[in-house]
Amino acid sequence: MNISRWKERVEDPTAQDLFGFLLLLGIVVLMLDLVRLVFVGDLPTSRLSSLLWNGIVDSLYIGLAAIGLSMTYSILRFANFSHGDLVTVGAFGGWTVAYLIGGVGAAGLGSRLLLDADGGARAGALGMSIVGSPFAIVLGLIAAAVFTILIALAIDRLVYKQLRDAGGITLLIASVGVALALRYIVAIVYTQDSRGVVAAAPFWEPASLPIDRVNLHELTLVVSAVVLIIAVHLLLQYTKLGKSMRAMSDNRDLALVTGISTERVITATWIIGSGLAGVAGYLIVLDRSQITINLGWFLLLLIFAAVILGGIGSIYGALAGSLVIGITINLSLVWIPSDLNEVAAFALMILVLIFKPDGLFGGVETA
C-alpha cells in the first residue's frame with residue numbers, strides 16, 4: 001500500500017468514527033465490569049479507592065516532569081532525551097542535602113554525602129520522614145530544584161546553545177549523549193547500587209474520606225505537585241514572561257520581530273522545566289523510598305507517553321496525558337498482573353493516537 005492510499009484510509013471519517021466507537025465501547029465495557037466487580041464484592045471499594053489514589057499520585061509526579069519536557073519541545077523544538085536524567089540528578093542532589101541536614105549527629109559526613117553508599121547510617125536511623133525531619137525534607141525539595149536548574153543551565157550553555165541552529169535531530173542526538181554523561185557521573189559519585197533513603201511513611205486516617213489510610217509521604221507529594229502546577233499556570237497565563245513564552249512557542253519568528261528576547265525565554269524554559277523535573281525526582285523517592293541511577297531513565301518512557309498522549313507542546317495536554325497514564329497503570333491491576341500494567345497504559349495511548357493523532361488537546365503548541 002502506497003503512502004497516499006494509506007493516508008486516505010487513515011483520514012477516512014467513516015473509519016475514524018467506527019474506530020472511535022469501538023474504543024469508546026471497549027472503555028464502557030471495562031467500566032461496567034469494574035462496577036460489576038465492586039457490586040459482587042470481588043473488588044472492595046477500599047481497594048478501588050486506593051488504586052485511584054495511587055493513580056493520581058503517579059500522574060502528578062509524571063505530570064511535573066512532563067510539563068518540562070513539553071515546554072522544551074514547544075520552545076526549543078527538540079525532544080530532550082536527557083530530561084529523565086535531570087529527574088535523577090534532582091533526586092540525588094535533593095536527598096543529599098536532606099541527609100546532610102537531617103543526619104547531623106546520627107551519621108558521619110561521608111555517609112550523608114554519599115546517601116549511605118558506604119554502608120553507614122540507615123534511613124530509619126536518620127528518621128528521614130516528613131514527620132521526623134520536616135525541615136530537612138523541605139530544604140531537600142528546594143535543593144533538588146536549584147541543583148537541577150544549575151546543571152541544566154550549564155548543559156545548555158556548553159552543549160545546546162552551540163547547536164541551537166543545527167536542527168531538532170542534531171539536538172536530540174546530543175541530548176542522548178548528555179543523558180548518558182549525566183548517568184555515568186551520578187554512578188561514579190554514588191555508585192550503581194539501589195538503596196533506601198527514606199524511612200517508612202507515617203499514615204493519616206481520615207474519617208471523612210473513602211480511603212482507609214493516607215500515606216503522609218504521598219500526601220506531601222500531592223500537595224507539593226498541585227502547588228507547583230498552579231504556580232506554573234499562573235506564571236504562564238498572567239505574567240509578561242509567560243506571555244513571551246507562549247508567543248515564542250506559537251511563532252518564534254514573529255516573537256523575534258516583536259522584540260521578545262529569545263535567549264531570556266529559553267533560559268526561563270530551562271529554569272522552569274528542569275526545576276520541575278528535579279522536584280519530580282525528589283518526590284518520587286519520597287514516595288517509593290528507593291533511589292537508583294536509572295530512576296529517571298526508566299520513567300522517561302512514561303513521561304514521553306504522557307506528553308504525546310496529551311498533545312506535544314501543550315502543558316495542559318501533558319497533565320491530562322499524565323492523569324490518563326497514571327490511572328490506567330493502577331486501575332489495570334484489576335484485570336492484569338503488575339508486570340504488565342505499563343503495557344496497558346501504552347496500549348491505550350496508541351489506541352487514542354490512532355483515533356486522534358494530535359493527542360487529547362489536538363497538538364496545540366502552547367507553552
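**Stop one: the cavity**

About 30 Å³ of space lies in the largest cavity of this predicted model. The count is 1 cavity of 30 Å³ or more. To find the spot, select Asn80, Ser82, Leu86, Ala152, Ile155, Tyr160 and Trp270, which line the largest cavity. Colour that lining by residue type and you get 5 nonpolar residues, 2 polar ones and no charged ones.

**Stop two: Asp85**

Next, select helix H4, residues 83-102, and pick out Asp85 in it. Is Asp85 buried or exposed? Asp85 counts as buried because its relative accessibility is 2%, and the cut-off for buried is under 20%. Now show what surrounds Asp85: beyond the neighbours within four places in sequence, its contacts are Ala179, Leu182, Arg183 and Trp297.

In soluble globular proteins, nonpolar side chains tend to be buried together. Here the largest nonpolar core has 90 residues, and the members touching the most others are Trp95, Met245 and Ile325.

Then centre on Trp95. Setting aside neighbours within four places in sequence, Trp95 is in contact with Leu115, Met128, Ile137, Val197, Val198, Tyr282, Val285 and Leu286.

Methods:
Residues are numbered from 1 along each chain as its sequence is written. This is a predicted model: local features need pLDDT of at least 70, side-chain atom pairs count only at pLDDT 80 or more; totals for chains, interfaces and linings use all residues. Side-chain values use heavy atoms; hydrogens and water are left out. Helices (H or I, at least four residues) and strands (E, at least two) are DSSP runs, numbered from the N terminus. Buried means under 20% relative accessible area, exposed over 50%, partly exposed in between (1.4 Å probe, protein chains only). Contact means heavy atoms within 4.5 Å. A nonpolar core is a set of buried Ala, Val, Leu, Ile, Met, Phe, Trp, Tyr and Cys residues joined through side-chain atoms within 4.5 Å. On a 1 Å grid over the protein atoms alone, a cavity is a set of points where a 1.4 Å probe fits but cannot get out, and a pocket is an open set with protein on both sides within 12 Å along at least five of seven lines; lining residues have an atom within 4 Å of a point. Grid points are joined across faces, edges and corners, and a volume is the space filled by probe spheres set on the points. Ala, Val, Leu, Ile, Met, Phe, Trp, Tyr, Cys and Pro count as nonpolar, Asp, Glu, Lys and Arg as charged, and the others, Gly among them, as polar.
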